[in-house]
Amino acid sequence: MSAQPMLIVHQPGLLTTVQDPGRQGWRQSGVGQSGALDYPALVLANLLAGNPPHSAVLEITLGQAEFSVSQDGWFAVTGADCQATLDGQPVWPGWRLPIKAGARLKFGAPRHGMRGYLAIAGGIDLPTELGSRSTHLNAGFGGLAGRALQAQDTLPLGVPSRRLTRSLGIRLPAIHPVVRALPGPEYTSFTPAAQAAFWSTAWQVSSQSNRMGSRLQGPVLTRSTPHELLSHGVLPGVIQVPPNGQPILLLADAQTTGGYPRIACVIETDLHQLAQCRFGSTLHFSQCTLEEAWQARQQLQQQLRRLAWRLDYPHPEEILP
């Protein structure tokens with residue numbers, strides 16, 4: 001019997017973790033979702049690599065990483081264009097390509113975007129914890145020992161579910177600096193000036209941002225009724241406003257409860273845009289309705305299913321979790 005194929009980490013970059021869609025159904029127990037910040041990039045990388053769409057991949061923040069595999073196989077890169085090369089030859093995002101055992105796959109600094117995704121045929125075959133292989137850095141579990149990857153780490157790969165025979169590329173979705181949001185439960189407690197500023201401001205993404213949330217810099221948002229709030233449930237996409245008046249947009253590793261007023265909530269379909277907003281970049285919020293949010297989800301689902309059909313994936317109904 002041949003040895004299980006492995007993915008070898010030579011350089012982990014600033015922050016590389018194992019991620020899949022995350023943990024669903026555990027928030028009532030205080031366990032956050034975690035998972036890939038750019039969900040469409042996760043799905044497309046897996047479909048290109050011949051994997052089921054929710055297989056575990058590597059999320060690579062700001063590039064500067066290097067990997068190899070112990071057996072010949074196939075791989076795909078999506079998300080940020082990190083100027084990847086395979087033994088010195090350019091690798092374009094959105095392509096499925098073969099990789100030989102020992103070949104070096106390197107990621108440079110991204111030309112644009114912030115997080116790249118690497119899928120290997122067979123997927124990363126680490127044990128699941130609470131139904132997911134995703135790394136939850138703050139809780140210290142999932143992925144590989146609940147931590148970011150380090151040099152000389154080795155990750156087991158699963159058995160490819162499909163036989164790939166040719167290279168193939170697709171056009172990746174564009175990233176837009178405008179994200180749609182719904183007014184939050186405490187929206188009306190903010191002053192009219194703060195409400196207007198929230199929608200009209202070009203918010204700058206702070207360097208203090210991480211997988212828990214994006215800290216935004218701009219005008220101070222004040223409340224007309226600044227009474228204390230009881231703790232309440234929060235989700236990725238919720239935009240909280242702490243006492244300093246600077247919003248925090250919660251992401252995949254966010255806590256499950258909070259006490260800051262919620263001025264808005266980014267719709268699920270647009271959350272992946274935040275994964276590619278680099279420190280110092282700006283974004284705008286566009287107000288939408290619940291009906292428009294639902295329509296946007298259906299449109300994304302249709303787009304991903306069309307790509308799944310093009311890539312010959314036999315179960316497109318599995319695209320959204």
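Reader: Which side chains meet in a salt bridge at 2.9 Å, N to O, with arginine 262 as one partner?
Author: The partner of arginine 262 is glutamate 186, at 2.9 Å from N to O, where a salt bridge is a side-chain nitrogen of Lys or Arg within 4 Å of a carboxyl oxygen of Asp or Glu. This pair links distant parts of the chain, 76 residues apart, with arginine 262 in strand β20 (residues 262-266) and glutamate 186 in the loop between β13 (178-183) and α2 (192-200). Helices (H or I, at least four residues) and strands (E, at least two) are DSSP runs, numbered from the N terminus.

Reader: What kind of model is this?
Author: This is a predicted model, in which local features need pLDDT of at least 70 and side-chain atom pairs count only at pLDDT 80 or more, while totals for chains, interfaces and linings use all residues. Residues are numbered from 1 along each chain as its sequence is written, and side-chain values use heavy atoms, leaving out hydrogens and water.

Reader: Is arginine 262 buried or exposed?
Author: Arginine 262 is buried, with a relative accessible area of 14%, and glutamate 186 is buried at 12%; buried means under 20% relative accessible area, exposed over 50%, and partly exposed in between (1.4 Å probe, protein chains only).

Reader: Switching topic, how many salt bridges are there in the structure?
Author: The structure holds 10 salt bridges. Among them, aspartate 253 pairs with arginine 211, with the closest N and O atoms 3.1 Å apart.

Reader: Which residues do salt bridges with shared partners join into one network there?
Author: Glu59, Arg211 and Asp253 are joined in that network, and both aspartate 253 and arginine 211 are buried.
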